[in-house]
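Thanks for making the time this morning. I would like to walk through a few local features, with the conventions stated as we go.

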Amino acid sequence: MKQRAITALFFVAAMIGGVYGGRVSFYVLFGLITAGCFWELLEILLEKEEPRRQQRKLLGTVAGLLPVLVCGATALILPPQDGTAVLSEYLAGIAAISVALYLLFELFTASGKPFQHAGALALGLVYIAVPVIFLFDMATPAGEYRPNRVFSLLWLVWTNDTLAYLVGSQIGRTKLFERISPKKTWEGTLGGVIGAVLMAWGLSHYYTDFNPAQWLALGVIVSIFGTLGDLVESMLKRSAGVKDSGDLFPGHGGFLDRFDAFLFMLPFAWLVLKG
């Protein structure tokens, strides 16, 4: 428990520094997070005895990171422009190039499972890269970097996770999804929802980036889809027979273990804010 608490403290400090350090630090932070999540996802999806497995993981990570770096640079580093260009003009094109490069690797290495390998990359693009690009878009309305938007979303996810764990461990009795996550309960989930909504209500009094209705909607979205995102990652890990996606964070697992809920809820949060 002590090791877990120390890791959490350093993790939160790194996130605060990356988000509030400015455009470049935010860009670098989520570039590293994207790369780490991609590497771990391919570690889960690619078979252990796969020939050239390490090369596929490396190429897949680079190919998955490419759209994030290009769209992130457009949103955060290059001169400000219309945010729609980030999503419409760059995302589809760069993603297509990434998949094409991966398919060429499959072609010239005489792969026996090109559909399976390309599918792993495509899943990573939708599951990891696109949500991060949505985050870049939400963080830069009209080209202005708003770190409070990013940290508020992180804070809502952390609130939901913490309250769900505390309530579930104390009074949780009814299993939520025992087949995938035996420890999650409906009582804990409801505690997380209430905590996230109350936190969103509290944040609405200090940050005016979103109107009150958007804040409350984000509280609900984060708690529901964050929980579902955690279950989805647990499903993927169970299918591969692994407990954690990685071991970078002692007591907390890997990148995917830390950001599964956050990444999964981002497209839904983006829809709420764009609607």
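A polar contact here is a pair of N or O atoms within 3.5 Å; within protein, one must be able to donate a hydrogen and the other to accept it, and residues adjacent in sequence count only if both atoms are side-chain atoms. This is a predicted model, in which local features need pLDDT of at least 70 and side-chain atom pairs pLDDT 80 or more, while totals for chains, interfaces and linings use all residues. Residues are numbered from 1 along each chain as its sequence is written, and side-chain values use heavy atoms, without hydrogens and water.

Let me begin with helix 8, residues 212-240, where helices (H or I, at least four residues) and strands (E, at least two) are DSSP runs numbered from the N terminus. At its start, a side-chain oxygen of Asn211 comes to within 3.1 Å of the backbone nitrogen of Ala213, and after the helix comes Gly241, with a positive phi near 70°.

Turning to the strands, strand 1 (residues 175-177) and strand 2 (residues 181-185) run antiparallel and are joined by two bridges, pairing being assigned if DSSP finds at least two bridges between two strands. Lys175 has Thr185 in strand 2 as its bridge partner, and the two strands form a hairpin with three residues between them.

Note on methods: Expected span 1.5 Å × (residues − 1).
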